[in-house]
Amino acid sequence: MDSGFPNFLIKDQMLLDGDKIIKPAKNDELAKIRKISTPGLSRPLEDVLKDAKEIFSLGFRVGNPRFFSFVPSPASPWSWVGDSLTSAYNPFGGCFEAASGVCQVEETLIAWAAEKFGLPPTAGGQFVSGGSIANLTALTVARDQILEDGEARLKGVAYISSQTHFCIKKALKIMGLLDHQVRTIEVDDGFRMSLPHLEQAIQSDLKLGLKPFVVIATCGTTNTGSIDPMSEISAITKTYGMWMHVDAAYGGSVAFSYSRRDVLSGIGQADSIAWDAHKWLFQTHGCGATIFREKSKALKSFATTATYVEGVDECADQNPWNYGIELTRPARHMRLWFSLQVMGMDLIDRMISHGFEISEYVEEELRKRSGWEILSPSSLAIINFRFAPEELKKPALDAINSEISSQLMARNVAVIFTTKLNGMVSLRMCTINPETTRDDIADVVKALDDTAREILTQIRLNEL
């Protein structure tokens with residue numbers, strides 16, 4: 001069955017040999033790569049291209065329609081072309097005068113994205129390398145807007161959930177917060193930040209004379225695709241004079257879908273948003289964004305100048321280098337502009353909706369089979385489940401599900417890694433690849449079930 005999205009993805013055979021979804025590097029291959037990685041005498045172009053192909057071939061083939069782990073990044077060929085064009089022209093994206101065309105495109109794309117998120121016309125921001133820098137950029141501004149000088153190290157407190165991406169803790173540490181200044185809030189049965197626990201933690205810190213300054217909500221957790229209750233979190237942050245940041249690196253792209261965007265209710269109340277177009281908007285890696293409710297607030301944290309740029313810094317409010325960390329910066333957004341111009345938003349809507357539909361089909365097929373348990377229902381095209389026959393206890397259940405994952409990869413059926421939910425090993429699938437078909441899912445679910453029962457049979461035989 002065809003996916004209905006012809007010529008959408010960069011085909012694996014353009015870069016890779018063989019049909020393995022995962023191609024681990026062997027010791028002799030790594031030894032060769034180490035040898036050819038050290039620069040030396042000039043070599044024939046054909047030899048260098050051959051080596052480059054081998055280097056790129058090692059690792060995960062995330063564009064494969066049966067790669068379901070992490071948040072895969074199937075990339076549109078139009079993003080690839082747009083990225084190549086940008087590299088060829090090599091514009092300097094730090095200030096408006098140096099590259100007024102690409103800077104205008106960036107400003108317009110950010111305004112368009114902000115409007116889709118439900119932010120006001122005062123919103124603005126910039127494109128960055130990805131979610132890690134997007135979150136760091138936003139949280140730096142949150143610190144500088146809410147805390148007085150010196151308070152970050154002494155009194156500032158940030159609030160995350162147990163499902164928050166680990167790059168957030170890294171960002172807070174870089175900003176100067178210590179571990180005891182970060183509160184991890186429990187989640188509810190839907191793996192969303194618990195509002196009663198959040199408010200209780202804030203009140204307790206206020207009584208201790210501390211300064212709660214930011215709540216980081218997640219729109220599309222990596223584990224389960226869960227969406228924190230953003231409207232309610234916004235109300236809490238307003239009550240206590242705090243900043244609300246939303247890490248929407250994964251789920252934010254759903255705002256650009258006509259048919260599914262309602263699931264992001266409340267995101268427009270954020271003070272800042274981190275978003276990655278290279279996740280669910282099908283771009284090559286390196287196309288993230290930070291967007292602020294009030295664009296001007298970033299200037300306090302990042303605006304600066306020097307005598308040697310006075311001639312191009314007269315319009316400081318237009319220059320991207322005054323709204324983020326980087327001075328020299330590529331025009332990362334041009335690949336996105338190119339892609340959207342060629343593909344159009346109707347196709348984007350269909351591709352995002354396809355991810356939802358495939359995940360829902362996985363759940364539907366699993367529920368037909370005995371012994372399977374849904375640990376986290378389909379949410380933002382992510383589903384968690386496990387094989388859980390009643391006769392097995394927890395340690396055996398954890399082992400059998402880990403073995404199912406390993407065997408499916410070894411047999412090259414699919415890549416489905418495990419995670420842990422409520423202390424239980426879970427099989428997790430993320431189905432945002434537009435080339436994944438229902439036939440793929442039917443085959444994979446059958447393979448999951450057959451493999452699980454083969455392992456169970458072997459366990460029973462061993463017990464005899």
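Colleague: Where is Asn412 found?

Modeller: Asn412 is in the loop between α14 and β12. Before we go on, this is a predicted model, where local features need pLDDT of at least 70, side-chain atom pairs count only at pLDDT 80 or more, and totals for chains, interfaces and linings use all residues. Residues are numbered from 1 along each chain as its sequence is written, and side-chain values use heavy atoms, with hydrogens and water left out.

Colleague: And how are you naming helices and strands?

Modeller: They're DSSP runs numbered from the N terminus: helices are H or I with at least four residues, strands are E with at least two.

Colleague: Back to Asn412, what is its phi?

Modeller: Asn412 has a positive phi of about 60 degrees, although it is not a glycine. Its relative accessible area is 24%, so Asn412 is partly exposed. The cut-offs are under 20% for buried, over 50% for exposed and partly exposed in between, with a 1.4 Å probe and protein chains only.

Colleague: What about Ala381, buried or exposed?

Modeller: Ala381 counts as buried, at 0% relative accessibility. Ala381 sits in the loop between β10 and β11, and its phi is near 65 degrees, a positive value in a residue other than glycine.

Colleague: Ok, sheet next. What is the strand order?

Modeller: It's an open sheet of four strands, β10-β11-β13-β12, with antiparallel pairing. The edges are β10 (372-379) and β12 (418-421), each pairing on one side only. On average, neighbouring strands of this sheet are turned by 35 degrees against each other, direction ignored. Pairing here requires DSSP to find at least two bridges between two strands.

Colleague: How many bridges between β10 and β11?

Modeller: Five, in the antiparallel sense, with β11 covering residues 382-387. Ser379 stands opposite Ile382 in β11.

Colleague: Which helix lies across those strands?

Modeller: That's α14 (residues 394-410), which lies across β10, β11, β12 and β13 (424-430) and runs at about 30 degrees to β13. Axes are lines fitted to C-alpha atoms, for helices over the stretch in contact, and the angles run from 0 to 180 degrees between N-to-C directions. Contact means heavy atoms within 4.5 Å.

Colleague: Switching to α9. Which of its residues are buried?

Modeller: In α9 (residues 230-239) the buried ones are Met230, Ile233, Ser234, Ile236 and Thr237. Down the axis of α9 they fall within an arc of 160 degrees, so they line one face of the helix. That arc is taken from the directions from the helix axis to the C-beta atoms. Lys238 and Thr239, on the other side of α9, are exposed.

Colleague: What do the buried ones pack against?

Modeller: They pack against α8 (195-207), β6 (211-218) and β7 (243-247). Just after α9, Gly241 takes a positive phi of about 65 degrees.

Colleague: How many aromatic pairs did you get?

Modeller: The count is 14. Rings of Phe, Tyr and Trp (its six-membered ring) pair if their centres lie within 6.5 Å; planes under 30 degrees apart are stacked, over 60 edge-to-face, and the rest tilted. For Phe117 and Trp275 the centres are 6.1 Å apart and the planes at 80 degrees, so that pair is edge-to-face. Phe117 is in α4 (residues 100-117) and Trp275 in β8 (residues 272-276), so the pair ties together parts 158 residues apart in sequence. Phe117 is buried at 3% relative accessibility, and Trp275 is buried at 1%.

Colleague: Which pair is stacked?

Modeller: One is Tyr250 with Trp280, 5.2 Å centre to centre and 5 degrees between the planes. Tyr250 is in the loop between β7 and β8 and Trp280 in helix α10 (residues 277-280), 30 residues apart. Both are buried.

Colleague: Which residues form the ring cluster?

Modeller: Ring pairs link Trp112, Phe117, Phe127, Phe256 and Trp275.

Colleague: Which charges sit over rings?

Modeller: Among them, Lys295 lies over the face of Tyr323, 4.7 Å from the ring centre, and the charged end of Arg438 is over the ring of Tyr361, 4.3 Å from its centre. The rule is NZ of Lys or CZ of Arg within 6 Å of the ring centre and within 35 degrees of the ring normal.

Colleague: Last one, what is Gly94 in contact with?

Modeller: Leaving aside neighbours within four places in sequence, Gly94 is in contact with Asn319, Pro320, Trp321, Leu327 and Arg329. Gly94 is buried, at 0% relative accessible area.
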